[in-house]
Amino acid sequence: MMGQMMDQPLLVSSIIRHADRHFGDIEIVSRRVEGDIHRYTYAECHARARRMANALKAQGVQMGERVATLAWNGYRHLELYYAISGSGAVLHTVNPRLHPDQVAYIVNHAEDQLLFFDLSFLPLVTQIAPRCKTVRAFVLMCDRAAMPAQTGIANLLCYEDLIDANDDNYDWPEFDERSACSLCYTSGTTGDPKGVLYSHRSTLLHSYASALPDALGVSGRDAVLPVVPMFHVNAWGLPYSAPLVGAKLVFPGPAFDGRSLYELMEAEKVTFSAGVPTVWRSLLNHVNEHGLIFTSFERAIVGGAACPPAMIEAFRDRYKIEVVHAWGMTEMSPLGTTGTLQRRHFALSPEEQMAVLVKQGHAPFGVDMKVVDDAGEELPWDGKSPGRLLVKGPWVIDSYFKGEGGNVLEDGWFPTGDVATIDADGYMQITDRSKDVIKSGGEWIGSIDIENIAMAHPAVEQAACIGVFHPKWDERPLLVVVPRRDQQIDKVELLRFYEGKIAKWWTPDDVAVVDALPLGATGKVLKNEIRAQFRDYRLPTA
Ligand code: ADP
C-alpha cells in the first residue's frame, strides 16, 4: 500500500521560494569586490534569481548543461546558485585558487557552456578563455559602469545587463529530484581533480540535516557569515541552509583577512560563522593583538582540517564562543560529522570535555560510518583502534563525474582516505589522511596528535608533522614549525613539551623551523610539498 501524501520533488528552487514567502524581508549583506557594502533581502534575491533564470534561457542554456562560476562569496553568486540549479542546469563552482592550467582543465572537462566571474578574476579568465572550448560566453559579475573597456575576451557579457534585460516572470520548473544540481571538483592534491555531481535531492537532504541543532545548528535567530568559500563544497551548504531557516546572510566577498572579517562581523552582528583553521587563526590573531572583543559572535564551525585544541580553548575560554569541530569532504556534500557535546558530557570537567571537542564528532542521521582494517574487517568502536574510515548515505558520492576512477565504492561504502578511530559514544577522531600516515617500525603514528600538541606551545604559530626516512625504523616523525611573531623556538625544550602527553616513541625525532607552511587552494597545509621540501633531510638519529 502506498502512502497518500503529496509527491513533491525536493528541488533547490523550493528553498529560495520558501525564503521569499516566509522570510522575505530578511537581509543578505555582501562586501563587494568593488569595495562597498551591498544589502538587500531574500525577496529581492529571489526576484533577481528569476530574472537571471530568464537570462539563462535566453542564452540557450538547457537542462543538465553546466554553467561555471569563478566568484567570491556574495549576493550575485547566491543568485546564480538558485538561477542555474533552479532552472535545471548544473551550477559548477570553480576554485579560482587552483593553477590556471587546472582551472582550464576543469572547465573543459565539465564542458561548461557559460562562465560567470568576479572582477578579481579578469586576469585569470583572460589567460584561460582561448582554451575554454565549450564556453559560449563569459559573464563579468558587475554593472555596466564597472565593465573594462578592453579585455581581449571574445563574447564578454555584463551581469547587470542580463538582469536588466529580463523580467522576473519565471516559474521554476519541476523535474526529477535526482537530477544533477551542482558540480564541485576535488582539489586534486593527488592526480587530476575529479568532479562530484550533487543532486537536488542530496542537496536538500544535506541542507535539512546540516541545520539540525547537533549538526551546524543554523536557525532563524542567526546572522550567518560563511567564510568558507562558495567554491569550496558550496560553502558547506550554508547558501542553502541559511535561507531554508531564514537566517540573515553576511558575505565577506574577497576580504578574508582578520581585520576585514572582524569589522564585518561586528557591523552586521554576526552570530555564526564557518571556516578552515587558517582563517580563524588570522581572525584570532587580529582580535588578540588589538585587545578587541566579540559582541555578537556565538558559534564558530571549524572544519576542513583538524582544529587544534589550542584554538578551541582560545575561542571558548577567552571569547566565550562555542566551537563546533566538523569533518567532511567534497565527496560528502560535505558534512560527515560534528563534534557537539551531548547531555552525557555536561557533568565532565572542562579538560574531559576538551578531549571530546577535539574529536571530529558524531554522524548526523543520514551518514553512516565505520572503520575497517586492511582486510576490510570492521574494527570495534573503542576509541583506540585506528582504521580506514568508510561512509555511506544519501549525500555521499556514488561515482565521480563521467565515471572517472571507475567504481570507487567498497561493498556500497565510500572509502574516505582518512584514518580514524570511533569511540563507544560514536565520536569519530581522524588520526591522519592515509597518505600522510607516518609508519615507524611497522606501526602508525598519527600526525594530527603531534601537531595539536605543538600548537598548544606558546612559541608555535603553526605545525605540520611528516615522516622522513630512517634507516632502522623506515620513517620517523619530523616536526616542522612556524614560530609565533617575536618568538624563538628552542628545539630541545619543544620536544620536552611532549613528555607525558603522548607515547614516547611518537615524539618527533627533530624540529625544523620554517617561515611559513605551503597552503593549498582550500587553505589546507600541503604535506606533500613539505615532504618534497625535506626529501634530502637527514635526521640526527639516523
Ligand atoms: P581536498 O582537501 O582533498 O580538496 P576536501 O576539501 O573534500 O578535499 O577535504 C576532505 C579532507 O579534509 C578529509 O578527507 C580530511 O582528510 C580533511 N578534513 C576535513 N575536515 C577535517 C577535520 N575536521 N579534521 C581533520 N581532517 C579534516
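This is a predicted model: local features need pLDDT of at least 70, side-chain atom pairs count only at pLDDT 80 or more; totals for chains, interfaces and linings use all residues.
User: Why is serine 182 called buried?

Analyst: Buried means under 20% relative accessible area. Serine 182 has a relative accessible area of 0%, so the label applies. As for its place, serine 182 is in strand S8.

User: Which other residues is serine 182 in contact with, leaving aside its neighbours within four places in sequence?

Analyst: Besides Asn234, the list has Val90, Leu91, Val196, Leu197, Tyr198 and Tyr240. Contact here means heavy atoms within 4.5 Å.

User: Which residues of helix H4 are buried?

Analyst: H4 runs over residues 100–110, and its buried residues are Pro100, Val103, Ala104, Ile106, Val107, His109 and Ala110. Those buried residues pack against strands S3 (66–70), S4 (90–93), S5 (114–117) and S8 (180–185), plus helix H5 (122–128). Strand S8, by the way, is where serine 182 sits. Just after H4 comes glutamate 111, with a positive phi of about 55°.

User: Moving to the ligand, how do you know that glutamine 360 is within polar reach of a nitrogen atom of the ligand?

Analyst: A polar side-chain atom of glutamine 360 lies 2.8 Å from that nitrogen, and the limit is 3.5 Å. For alanine 305, a polar backbone atom is 3.5 Å from a nitrogen atom of the ligand. As for cover, the ligand has 560 Å² of accessible area on its own, and the protein covers 92% of that.

User: What makes up the shell around the ligand?

Analyst: There are 15 residues around it, and the closest are Ser187, Thr330, Asp418, Arg433 and Lys524. By class, the shell has 5 nonpolar, 7 polar and 3 charged residues. Strand S14 (residues 322–328) gives the largest share, 4 residues.

User: Where does the name "AMP-binding enzyme C-terminal" come from?

Analyst: That's a domain annotation from an unreviewed UniProt entry, covering residues 450–524. Such annotations may be inferred rather than shown by experiment. In the model, that stretch is 16% helix and 33% strand, with its end C-alpha atoms 17 Å apart.

How values were computed. Residues are numbered from 1 along each chain as its sequence is written. Side-chain values use heavy atoms; hydrogens and water are left out. Buried means under 20% relative accessible area, exposed over 50%, partly exposed in between (1.4 Å probe, protein chains only). Helices (H or I, at least four residues) and strands (E, at least two) are DSSP runs, numbered from the N terminus. A residue is near a molecule or strand if one of its heavy atoms lies within 4 Å of it. A polar contact is a pair of N or O atoms within 3.5 Å; within protein, one must be able to donate a hydrogen and the other to accept it, and residues adjacent in sequence count only if both atoms are side-chain atoms. Accessible areas come from the Shrake-Rupley method with a 1.4 Å probe; for residues, only the protein chains shown count as cover. Ala, Val, Leu, Ile, Met, Phe, Trp, Tyr, Cys and Pro count as nonpolar, Asp, Glu, Lys and Arg as charged, and the others, Gly among them, as polar.
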